[in-house]
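Work through the exercises below with the sequence and the model open. Try each task before you read its solution.

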Amino acid sequence: MRKSICLTILAAAMTARATTYTLHTADGTYDSPVAIEDQTLTTDGSGTKTFAEMMAAFTAGDTLVITGGGCVASCDAMVNFTNVTSTIRIETNTVFVFAKQGQLGPYINDVSDTIAPTVRVMPGGTLAMKTTERMRFSPPLYLAGDGKDGMGALSLDSSVN
Amino acid sequence: MTLTADASIRFRMSTRADFHYYRCIYLGGHTLTLGRGKTLTSNPTFCMNTSNVDPQGDGHIIVDGVTLHSQTSGAWSGDDSNTITFQNGGRMSFYNNSTTFNWTLIWNTTETWILSGSKDSGFTGTNRNNWAGPVRIDTPSLSFSSGANQGMTFKETVSGTGGLYANNGWLQFYSNTNSYEGTLGLTGGSSDSGIAFRTPGSLPINDTLLAVTNARVFLGPGKYELRATDYYVKAGTNITVTGGTSQGLWTSLRKFGAGMLDVQSAFAITGKTEITEGTLRVAAPRDITVYSVAPGIWQGSVHSSNATFVAEMDTDWYLAISNEVCTCMEQLRSATAMPAYDTYTWHGYVWNRTATNETWTLALSICGYSRLYLDGSWFRSTDDNGSVSHVNTTITPGAHEILLKVNPRNYGGNGSGKNVATWTDNMGFAIDRYGRNTTNYWDYVFPANESSSIDGGNGYWFTRDARDVGDFPEGTLAALSDDAFMATTTSFKDLTVSAGATLDLNCTNGVTKPLQVGKLSGAGTITNGSVKVTETLNVAAGAAAPLTISGKLSFAEGATFSVDEPQSFTRGVIYTNVVAEAIEGDLPAATALFAVAPGKISKTEDGRALTLMFFRPGTSVIVR
């Protein structure tokens with residue numbers, strides 16, 4: 001009985017540490033997305049954090065939700081948004097753009113995605129790879145729908161291969 | 001990558017994207033669309049490089065205006081309930097591809113299918129570039145653009161309103177239910193160019209058009225039926241078959257263009273056959289393979305070599321070398337050493353004379369390189385191994401073909417041991433009809449023993465093939481089964497071999513059975529076999545070069561001699577019409593011809609040429 005109680009307490013503590021950060025913006029276009037590091041995010045409750053604060057507080061299992069119908073560009077600091085228990089979720093009508101390796105979480109190699117977060121694209125949302133350099137990414141990727149304005153759930157926009 | 005609903009991946013630029021290194025697209029039973037963004041007009045490539053697809057049920061893929069590139073190996077699970085559709089300029093590309101696709105492919109695009117990289121050699125391999133699921137062609141043509149000698153294999157049904165076209169490569173079809181309706185075309189030029197139809201029905205029985213240029217056409221074993229349509233070759237090699245068909249017989253055949261048309265199956269052409277250019281090679285004549293009531297099995301041997309004995313183990317070789325009746329298969333000639341690399345073969349039928357399936361034990365113990373075939377399938381083998389190999393198998397009622405081949409290689413002589421020896425002395429081939437599956441030699445009956453090779457009751461235990469008409473009293477040719485039809489030789493009702501063209505009878509294994517020709521004419525060459533004219537030997541013009549036969553020429557009783565243009569012959573001049581290795585038997589009758597214009601046909605003194613002369617006016621013929 002004592003062990004069971006301890007496990008319950010431990011699980012509750014772990015659940016409590018996982019936080020959902022919501023970036024809600026209608027701003028930005030595909031050609032001129034807003035920078036994620038300039039955005040304020042809402043935490044689980046009513047609190048807010050800057051992007052830098054979110055990354056400083058990042059814990060494995062956290063979820064980043066991008067929503068609001070805008071277009072948001074990722075940044076190099078997202079390489080620290082790590083762990084397979086973490087999630088980046090792109091909601092309906094919203095575009096999340098990444099341009100370099102690491103902007104979708106860390107990358108080890110082609111055969112290992114043990115440290116990259118899950119990327120989940122919801123119907124109507126778009127994950128857009130918009131790059132001018134050769135890059136690789138390997139997060140567990142969940143796709144649904146045809147993307148914002150038919151861009152595709154995954155949009156490939158690379159000038160090099 | 002996992003789909004949680006129907007989803008798309010779309011390109012905004014035409015830069016290739018790779019999905020690779022054993023990663024998998026899990027479709028979750030949904031549909032993945034690979035497509036273009038709205039502003040892209042060029043065709044980008046989505047590369048599956050050593051990567052996998054799992055449809056997870058009812059998953060599908062649509063390739064819309066994009067190239068799906070399959071490179072090296074990968075695993076696509078699923079079956080023909082899963083579909084991949086190419087549309088709106090979408091296309092497929094194979095590079096070093098060895099991935100096997102069991103999905104249904106729907107081709108609804110006017111783009112080409114690209115084949116490149118490593119390839120199988122000619123028509124023999126199907127490991128690379130094969131589509132193992134059904135294919136449906138909804139556009140006018142599924143076209144391949146490929147490098148030299150690149151080929152594509154279709155293992156399942158190809159259907160739809162369209163056809164197929166390949167350039168400088170090869171195509172082969174295995175399904176017997178193909179029904180595509182468009183033209184099948186191929187332009188050759190490389191050494192492996194051609195189309196192979198591996199089974200009847202792989203060449204659809206409809207009004208589809210077959211057009212081949214500078215390439216070969218292979219027809220695998222079987223009875224092919226062709227509807228009334230045009231089959232033609234624009235130039236170069238190959239075949240044209242016109243007219244309707246009845247009972248699987250081609251009504252006419254015209255071969256023109258340089259090069260060879262190699263037909264691997266026996267066929268009969270009931271109309272006119274014209275070989276105007278190049279070479280038509282027909283399947284080697286086979287004797288009727290209808291088992292007779294005659295007891296015993298055939299045996300034969302051939303002097304072989306280290307280089308060829310493995311090939312001689314192939315099932316077809318017995319046709320040439322089984323030429324003596326074996327009433328005693330004992331000891332595989334153990335009394336005297338079998339010469340190294342001589343191949344011995346025994347062929348016949350073993351009967352289950354009961355009305356029910358029986359479990360028999362088949363055993364093999366031979367010191368040498370041997371192959372035992374049962375009903376045409378390789379069943380057991382040895383290679384320098386005297387220990388017994390035995391297995392139980394179910395034998396259905398009736399006759400079962402057995403073929404045993406032995407080559408001692410250089411293992412020291414004996415192929416088997418003495419009649420009373422133990423198994424370790426290499427007893428040869430034996431059967432226990434009670435299925436005891438032991439190594440006790442006394443449980444077995446040895447076909448090697450003369451007394452046991454004949455079983456009384458309601459028939460012989462072992463019987464052999466018929467070798468001539470009188471040897472199969474059970475039936476007539478007209479009543480032969482499909483299998484028996486397969487074994488008949490090619491025949492022509494009306495054959496013309498034009499000057500410069502060749503008919504290759506392919507009798508390179510010692511078969512002497514002549515080709516049956518109703519009406520024979522022309523000035524070309526017939527090689528590798530003999531000819532028997534059953535109706536008419538026809539001469540078209542006086543100035544024509546002789547027809548040359550590098551075999552024997554004979555005439556059936558009642559055969560006649562005819563001339564198309566008697567006015568082209570100058571009276572009193574001796575024309576040589578046919579030159580053969582030998583002209584045997586009676587010459588054809590020319591009664592009707594000579595009633596109009598008196599003359600004479602005769603053999604030359606050496607018996608090799610047939611000549612014709614019309615008498616000068618006023619010539620007297622003195623009959624003594």
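Two residues are in contact if their C-beta atoms, placed from the backbone, lie within 7 Å. This is a predicted model: local features need pLDDT of at least 70, side-chain atom pairs count only at pLDDT 80 or more, and totals for chains, interfaces and linings use all residues. Residues are numbered from 1 along each chain as its sequence is written, and chains are lettered from A and ligands numbered from 1 in the order in which they are written.

**Exercise 1. A loop residue in chain B**

Task: Find which residues B:Ala589 is in contact with, leaving aside its neighbours within four places in sequence.

Solution: 
- Start with the place. B:Ala589 sits in the loop between β47 (575-584) and α3 (591-596) of chain B. Helices (H or I, at least four residues) and strands (E, at least two) are DSSP runs, numbered from the N terminus.
- Now apply the contact rule. Beyond four places in sequence, B:Ala589 is in contact with B:Thr560 and B:Phe561.
- Check a C-alpha distance. B:Ala589 and B:Ser562 are 27 residues apart along the chain, and their C-alpha atoms are separated by 8.9 Å.
- Finish with burial. A residue is buried if 20 or more other C-beta atoms lie within 10 Å of its own, exposed if 12 or fewer, and partly exposed in between, with C-beta atoms placed from the backbone. B:Ala589 has 15 C-beta neighbours inside 10 Å, so it counts as partly exposed.

**Exercise 2. Strand pairing from β4(B)**

Task: State which strands pair with β4(B), and in which sense.

Solution: 
- β1(B) and β4(B) are joined by five bridges and run parallel. B:Ile9 stands opposite B:Leu34 in β4(B).
- β4(B) also pairs with strand β7 (residues 60-64) of chain B, in the parallel sense, over four bridges. Here B:Leu32 faces B:Ile61 in β7(B) as its opposite residue.
- Strand β4 (residues 31-36) of chain B has five of its six residues buried, so it is largely enclosed by the rest of the structure.

**Exercise 3. Where the chains meet**

Task: Work out which element gives the most to the side of chain B that touches chain A.

Solution: 
- Count first. The contact involves 21 residues of chain B and 22 residues of chain A.
- β1 (2-11) and β2 (17-20) of chain B each supply at least two residues of that side. β1(B) gives the most, with nine residues.
- Sort by class. The side has 10 nonpolar, seven polar and four charged residues. Ala, Val, Leu, Ile, Met, Phe, Trp, Tyr, Cys and Pro count as nonpolar, Asp, Glu, Lys and Arg as charged, and the others, Gly among them, as polar.
- Look across the chains. Strand β11 (residues 141-145) of chain A and β1(B) run parallel and are joined by three bridges. A:Tyr142 stands opposite B:Thr2 in β1(B).

**Exercise 4. The nonpolar cores**

Task: Name which members of the largest nonpolar core touch the most other members.

Solution: 
- A nonpolar core is a set of buried Ala, Val, Leu, Ile, Met, Phe, Trp, Tyr and Cys residues joined through C-beta atoms within 7 Å.
- The largest has 86 residues, and A:Val97, A:Val121 and A:Leu143 touch the most other members. Strand β17 (residues 163-173) of chain B gives the most to this core, with six residues.
- A second, separate core has 36 residues, including B:Ile275 and B:Cys507.

Methods: Two strands pair if DSSP finds at least two bridges between them.
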